[in-house]
Amino acid sequence: ISEPWNLSDRPITLNKIFREIASELEFCALASSEGLILKDDGIHFTAESQRIFGKRYYDAYKSIQIKP
C-alpha cells in the first residue's frame, strides 16, 4: 500500500464499512484487491493486476445475479 493511503487504520476502517454495507444489500458484492500490485505512483494497479481485478469484479457480479 502506498504511503499516502497507509494512514493509521484507514484501510481497515473502510474495508469494515464496505463489508457491512455489502452484507445489508441484497445485490451487492465485493472484490478483493489483496495481492494486486501497484504501479510506482502508489495509486494505480499495474496492467496485469487490473486484469486480475476485473476478473474478481466479474466473479463478484456473477455471484449476485438472479438465478432463473
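Which residues make a nonpolar surface patch of about 440 Å²? Ile17, Phe18, Ile21, Leu25 and Leu30 do.

The model is predicted: local features need pLDDT of at least 70, side-chain atom pairs count only at pLDDT 80 or more, and totals for chains, interfaces and linings use all residues. Numbering starts from 1 along each chain as its sequence is written, and side-chain values use heavy atoms, with hydrogens and water left out.

**View 1. The whole chain has two helices and zero strands.** Helices (H or I, at least four residues) and strands (E, at least two) are DSSP runs, numbered from the N terminus. The accessible surface is about 5,800 Å², by the Shrake-Rupley method with a 1.4 Å probe. Carbon and sulfur atoms hold 58% of that surface. Of the 68 residues, 15% are buried (under 20% relative accessible area; exposed is over 50%, partly exposed in between; 1.4 Å probe, protein chains only). Among contacts (heavy atoms within 4.5 Å) with a separation of 6 or more, 32% join residues 24 or more positions apart.

**View 2. Ile21 belongs to the nonpolar patch.** Patch residues have over 30% relative accessible area and no salt bridge; like charges are joined within 9 Å, nonpolar side chains (Val, Leu, Ile, Met, Phe, Trp, Tyr) within 5 Å. A salt bridge puts a side-chain nitrogen of Lys or Arg within 4 Å of a carboxyl oxygen of Asp or Glu. Ile21 sits in helix 1 (residues 10-24). Its relative accessible area is 41%, so Ile21 is partly exposed.

**View 3. Ser49 lies in helix 2 (residues 47-63).** Ser49 counts as buried because its relative accessible area is 3%. Leaving aside residues up to four places away in sequence, Ser49 touches Leu36 and Ile37.
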